[in-house]
Amino acid sequence: MKKIILLTLIIISTLFSLLPAQEVEEYAIASAYEFHGETHFYESNRSKTMFKDINVSIALLKSTDNTLNIKNIQDKEQLFTPLTKNEKFQDDNTTYWLKVDLGSAFPSGRFICSYADPKILAHTFKPSQTLEMFKLDGVSHLKFSYTQGVDAQTYYFKLKPRHFRIPFRFIYLTTPETFYAHMTKEVHMQLILGLILGLIIMAGLYNAAMYYYNRDRAFLHYALMQLFMSLILYSYSGAFQWDESSFFSRNITYQAILSLLTSIFATLFTLYFLELKNYLPKLYKFAWLMVFIFVLDMFVSLFYKSIIIEYKVLPFLMLVLIYAGYKRIRQGYKPARFYLAGWIVLAIAVFLNIFQIGYAYTIIDPLYIGAATEAILFSLALSYKIRLVHKEKEEQKELLVHQSKLASMGEMIGNIAHQWRQPLTHFGYTFMNIKEAQKHGELTPEYLDTKIEEANTQLTFMSETIDDFKDFYAPKKEKETFSLLQATQATLDIMAHTFKQNNIEVELITLHDSHICNYKNEYKQVLLNLLSNAKDALIERKIRSSKITVKIDKNSIQVEDNAEGIKEDVLKRIYEPYFTTKEGNSGIGLYMSKMIVEKNMGGKLMVKNTQNGALFSIVF
């Protein structure tokens, strides 16, 4: 756990190191924005700047007097009414005015007035003061000059409101030097935000691909979670926040729905990733209740507003998922360590974002740092889970191999028994003949030598049989060069007595023998399994004139029987593990044969029906 915490701290510190330090800027700022249904104003005179000790005053006013215009505004200022806190800056029947008082000590020079949301219809700057007007990223900028003691100190702007759900800042003043330095920093910030957003999108695409190949729902839900998370961050990035033509620009309902969809898929991801149904059934039910609450609140937000977002409940609901991760760690589930670390970081980031904590000390929304850190840690958690699943599959594969070998060894022992039964019977007759000869006084040295020679012949045959079978299943980790014909003939010799006993004709056709470099014993195991399956099919269906044809042609081997083929529905599932049509059979023989040929030996095992029966082909 200490390593996970250390890794999390390294990731966070690395991301923060990319951010430039926040510098004190030389501008006076006035902003108006709506926060939880109230219009707020903010004015500042930054210390340690050229505006220090200068009382730049900015006021937002309104009037219903239609006679007010830019020429008589100074004479009718008494008609103004200050905007109240809970009043929205979007009434078409009201004229809004912005008053900027530069004060008597405002320095001479050139300045830039930047504004957004309300459109400035007119202003009281003299034509000689207005230098240039331009627009960047939806924000309008007005360059003007000011000469102390010559130009007026107070200026008025006539504003046209625009109908946004969430109004933002509308004006600030700055020097050109600071303005362009600020723009350069904005470019750097957008680059960093783009990198973070790209990281999150790539994490989502990676997990979507992992779901496609693994069909694990945890990957799907995490990919969808990252999709909606990236849309939230893109909305926060300001990429379209000033675009008045966009429906998504500062639409609080849109952002609430995105947040709730992200929460829904984050909860579903937790359900499947931590396997709560099997290991934490009570939390599993509570998590589904959370999903229901998120969905219900999403529908409520369409007609009213999101209760969860409005009352800042989301960070506290996330504690349930953190607790689930903690409980799974206590149960020994190691991937939950990465999950818990990522979820704690994201929960803290969401808490700071919702409660607007620390914004005065950072120049980037903590949600970006939390989301990027979470994406890295959750991807590590999912990778760890894949590793565990892969390890489990390898263990299952080894178990299947072992079971397959045991089944084949049973077949092999049966073949040895068949091979030895005739010699043992011959031994019995030999001993009986010797005893009878002795009984009747006919046991001559010549007769005894003859019988001993016959017994030695049988012993030699039994010894050769053992040689054929020994080391058949001995694992050989290195490939060897061997003749397909010789290896095939050796396998047929092993089953010769079984075929003879069941009246099965075996024909070996060699069109072209070849020597290949591969695992000889594994090839013989596969061939033995194919021959055994053909023999069983012929016996089960009581085929007259039973025949198995083995054909060798260069790097291919074909095993064909005349058992009338395999049913189509069975043919589709023939290589599935544990699938069998034989009573008492394990159903792993053909599965393991395919695994051996295609995974271990780099070949191809195929099957099809012919006019006679089933045809299995091995191609190297």
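**Close-up 1. Phe273 and Trp343 in the largest nonpolar core.** Of the 67 residues in this core, Phe273 and Trp343 touch the most other members. At least two residues each come from α2 (176–214), α3 (217–236), α4, α6, α8, α9 and α10 (366–439). The largest share, 11 residues, is supplied by α4. The model shown here and in the other views is predicted.

**Close-up 2. Contacts of Phe273.** Leaving aside residues up to four places away in sequence, Phe273 touches Ala218, Tyr333, Pro335, Tyr339, Ala381, Leu382 and Lys385. Another core, of 40 residues, lies apart from the largest one. Among its residues are Phe482, Leu527, Leu531 and Ile566.

**Close-up 3. Helix α8, residues 314–330.** The helix has 17 residues. From first C-alpha to last, α8 reaches 25 Å, close to the expected 24 Å. Gly332 follows α8 and has a positive phi, near 95°.

**Close-up 4. Buried residues of α8 and their packing.** The buried residues of α8 are Leu314, Pro315, Leu317, Met318, Val320, Leu321, Ile322, Ala324, Gly325, Arg328 and Ile329. An α-helix has 3.6 residues a turn, so residues three or four places apart point the same way. The buried residues of α8 pack against α4 (252–273), α5 (276–279), α6 (281–303), α7 (307–310) and α9 (335–354).

Close-up 5. The structure holds zero disulfides.

How values were computed: Residues numbered from 1 in each chain as written. Predicted model: local features only at pLDDT ≥ 70, side-chain atom pairs only at ≥ 80, totals over all residues. Heavy atoms only, no water. Helix = DSSP H or I, 4+ residues; strand = E, 2+ residues; numbered from the N terminus. Expected span 1.5 Å × (residues − 1). Buried < 20%, exposed > 50% of the residue type's maximum accessible area, 1.4 Å probe, protein only. Contact = heavy atoms within 4.5 Å. Core = buried A, V, L, I, M, F, W, Y, C linked by side-chain atoms within 4.5 Å. Disulfide = S-S within 2.5 Å.
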